[in-house]
Amino acid sequence: AGTRSRISVIGTGYLGATQAACMAELGYEVLGLDVDHAKIDSLSAGRVPFYEPGLEEVLVRNLDNGRLRFTSDYDEAAAFADIHFLCVGTPQRADSNAADLAFVEAAVDALASRLTGTAVIIGKSTVPVGTAGRLAERIAERAPAGADIHLGWSPEFLREGFGVEDTLRPNRIVIGTGSPVVEAAMRELCAPQLEQGIPFLVTDLPTAELVKVSANAFLATKISFINAMAEVSEAAGADVIKLAQALSYDDRIGGKFLGPGLGFGGGCLPKDIRAFMARADELGVEPALSFLREVDAINQRRRARTVDIARGLIGGSFAGRTVAVLGAAFKPNSDDIRDSPALHVASAIADLGGKVTVYDPEALERAKQEFPDLRYAHSMLEAARDAEVVLLLTEWAEFRDADPDELAKVVAEPRIVDGRNALDPAHWRARGWTYRALGRP
Ligand code: UDX
């Protein structure tokens, strides 16, 4: 009571930068740490190095009021705070589907060896179940004499594009720990959220780790379920949009994450379900998650199907044909192109000989770096110029609201594949377009 906790946030990527800024916003003194000097320079100057609506305001406000600072120095972070959040990335390994824990281990080693007195480390990164238990042993081995370090795991459920909102007002807070010190520290830190009545669950370490990956597995399954229904609808001449609507009125099913289309991508769902399967295999319960292989396969088939629909529309071959792709980010309101379905489709068409021009409101720079062989345009109309087919692959508002007449003036042929079921088919057809979508007649 009285003096408020000082917090360090280790890792200032998407998760950590948001966590650091939001904890400062709640009134805590926060030091963000990253080994990447470019990130630290950018954040210290008040620039968020990725696209996240609303985050820059929170960052700048808290830099200005002095509650938030950034560093690359572990000595400084260890001395500054008594609570340390681990927010480093856990990407998919290059050689397998498992999660790469190198960043988490490096962060824990660097931090634990420098701590003194009583300290709390709370992991937020998505890790395979069992990791936190092993890290606790690692911390004990590296802790200097006299240091009393307590570990907890509190998974993060934030969605890109809603990072600030989801961090300040999460729909639940889960803390896995066996330590009363960690539980007390979390209750105090989360007091502003507990006052709002946000559910607070205390679990053991493995349960907390599992909550995160099982939530993402469920969400991925829901999307692939409706996309499987889209596949059947295509074969049967049914309309998956109407089908999804009818299902959604059953509140046991619900309408969220039931949007059929090109499927899921991004830095979380695809890698998390693969790492989850790999972990189940290690635990000897591989059959329990074999359905996730189908979830992944259904998701991949939507990409192939989108390419096929577009190819069919232009007479069976992309060779030498002009194609416009609207969207590069894995979803709207993000510049993240990790495992982006849109870029997967764009590059597949280019590989088949199509002359593909891509436009995205925010993700062009990242797309250019990752896919330098595609062509890029700086507006929707520029991308669509002379196109024989247009593909809408990320449902930015700019594309949803596109005027079919404007677009018709610049294309070679008014043909569109709506990969996100974002447009009104009747409207586009009435304006003279050949309109095709996934899962609809
Ligand atoms: C997700 C989880 O939602 C979040 O809780 C977790 O912490 C991280 O992973 P995010 O990757 O930001 O967040 O994206 P999300 O908004 O969940 O969308 C994931 C993908 O599913 C996107 O590619 C989106 O286009 C796709 N999607 C979503 C659909 O195809 N249909 C839907 O109905 C919903």
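The largest nonpolar core holds 126 residues. Such a core is a set of buried Ala, Val, Leu, Ile, Met, Phe, Trp, Tyr and Cys residues joined through C-beta atoms within 7 Å. Ile10, Val325, Leu326, Val390 and Leu391 touch the most other members. Helix H10 gives the most to this core, with 12 residues. Helices (H or I, at least four residues) and strands (E, at least two) are DSSP runs, numbered from the N terminus. The model is predicted: local features need pLDDT of at least 70, side-chain atom pairs count only at pLDDT 80 or more, and totals for chains, interfaces and linings use all residues. Residues are numbered from 1 along each chain as its sequence is written.

Leu391 is in contact (C-beta atoms, placed from the backbone, within 7 Å) with partners that include Thr306, Val345 and Gly419, neighbours within four places in sequence being left aside.

Domain 1 (6-203) and domain 2 (213-259 + 267-290) both contribute to the shell around the ligand, so the ligand lies between them. The domain bounds come from an automatic or database domain assignment. Helix H10 (residues 205-236) supplies the largest share of the shell, 3 residues.

Two non-glycine residues with positive phi lie in loops. Asn333, with phi of about 60°, sits between strand E9 (322-326) and helix H14 (341-351). Asp386, with phi near 65°, sits between helix H16 (380-384) and strand E12 (389-392). Asn333 is partly exposed, with 19 other C-beta atoms within 10 Å, whereas Asp386 is exposed, with 12. Burial requires 20 or more such atoms, exposure 12 or fewer, and partly exposed residues fall in between, with C-beta atoms placed from the backbone.

Conventions. Two residues are in contact if their C-beta atoms, placed from the backbone, lie within 7 Å.
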